[in-house]
Amino acid sequence: MASSTSEQSVAQGSGMKKELSLFNFFTIGFGAIIGTGWVLLVGDWMVLGGGPIPAMIAFALGAVFLVPIGMCFGELTAAIPISGGIIEYVDRTFGRKMGFLTGWMLLLGNAPLCPWEAIAISKLLTDRFAKFPVLSWLTDVKLYTILGADVYLWPTVIALGFAVLVVYLNFHGAGAAAKLSSFLTKALLAGMILAMVISFMTGSPSNGMPLFSQVADAAGGKSTDATSLLAGVMAVLVLTPFFYAGFDTIPQQAEEASEGIDWKKFGIIPALALIASGIFYLICIYSFGTLIDWHEFVKSSVPALAVLERINIFFYIAMLIIATLGPLGPMNSFYGASSRLLLALGRKKMVPSAFAEIDPNSGAPKVANIVLAVLTLVGPFLGGNMLLPLTAVAALGFIFACTMAGIVCWRLRQTEPELPRPYKVNGGYLGIGAAILAGLIVIGLMVVPFSPAALKPIEWIITVAWIVIGFAIFFASQSMNSKK
């Protein structure tokens, strides 16, 4: 097969700095997966599942489902290590339109996570400032209400400051952004260890019992519709792909891998990030679910922080700091991945070619970074009620691209058996088939109307509008290029 535009660009020297190590790639993926969801939503997982045990089973199964997909990404990226590689993989297998659709859907799965994390910071700080008397004055200045959510000045300013930091580092190249990911990984691990130690010191496994029970007096009046342990596990399982989204950010920056990197070892990094994140989630749910009786635990709006405030104020402050820093990891990783997807679309002339421009000093995508900067900086102003719609549409975009990665991995083994593959999916076609099946099951759960995870009308409107706008840009770019 003739060399593609993207591969020629890389071969001739793309201008991107090659400075990311295997550990950098691991922290990019791990940091993208683990944000603040575990602090904000660990109580919701228990309520929805009917206890800590169903939630733990669901997150363990979620990791098992997605590890084969991570391996498919590893095989493809080690074979074709270019930025935004998913577009190239699908393009050379199923053509330009499907390549564009896959890249555009993955962009839907990644880009909204930048403002999502900024909103999460603002929402977390607003809740904590209001509940902590010494800091309650920070929520005195209300700016406006949007979609039923109040937006306050100082939480918005702080969240905006974090967003500016992420934008600044990404404008200075992948190396600067990778240092932030490394720091945040260590901070999140410290938070996990802190929760685990406190649980062992003050909690009891009996607090997580019985294995399954319904609770109707949780914060906000939430309760599970599940009537059994299995139903509780399924109710949480359909949500886990969103909370594992992020390992796909690793392949998007493969072009910036350091010289001499071991591509065979690189291939397993996405799966390792998934496994490490699964262990993190399991420890997190167990630790918080056994600190006190879990039925009491879920009565607070942010129970992970509320219970620590009752136990020890210093533990509470430490966890609040870690929880506030948490969203920086996903924001940073998804920012980098999204800008590389736009870069790849620009190189393939699927969007205006200006997106293919590289800053000669930093080696970072210029126009793509500007677009992502605007999107990220808008986040703190959108209000907390934008979190749920962004969650659903991003999850669909993410899992669609992941499923395509499995299909392409299978197809390329048949059409290009001579392609050098430093890393191959464990289990061969069986492992690839497991990845495809897992993706199709999750997509089915999101699109079948009677499914508990089915998209709501507003989410379908957002998704369809995104696809229509995307193809309008695609065909306009095609037309412009044909006239040159």
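**From one residue to the whole chain**

Leu143 is partly exposed, because its relative accessible area is 36%, and partly exposed covers the range between buried (under 20%) and exposed (over 50%), with a 1.4 Å probe and protein chains only. This is a predicted model, in which local features need pLDDT of at least 70 and side-chain atom pairs count only at pLDDT 80 or more, while totals for chains, interfaces and linings use all residues. Residues are numbered from 1 along each chain as its sequence is written, and side-chain values use heavy atoms, without hydrogens and water.

Leu143 lies in strand E1. Helices (H or I, at least four residues) and strands (E, at least two) are DSSP runs numbered from the N terminus. E1 (residues 142-146) runs antiparallel to E2 (residues 149-152), and four bridges join them; strands pair if DSSP finds at least two bridges. The two strands form a hairpin with two residues between them, and Leu147 in this turn has a positive phi of about 55°. Ile146 stands opposite Ala149 in E2.

The chain as a whole has 22 helices and two strands. Its radius of gyration, taken over C-alpha atoms, is 22 Å, close to the 23 Å from the globule rule for 484 residues, so the chain is as compact as a globular protein of that length. That rule is 2.2 Å times the number of residues to the power 0.38. The C-alpha atoms fill a box of roughly 65 × 50 × 45 Å along the principal axes. Of the 484 residues, 59% count as buried.
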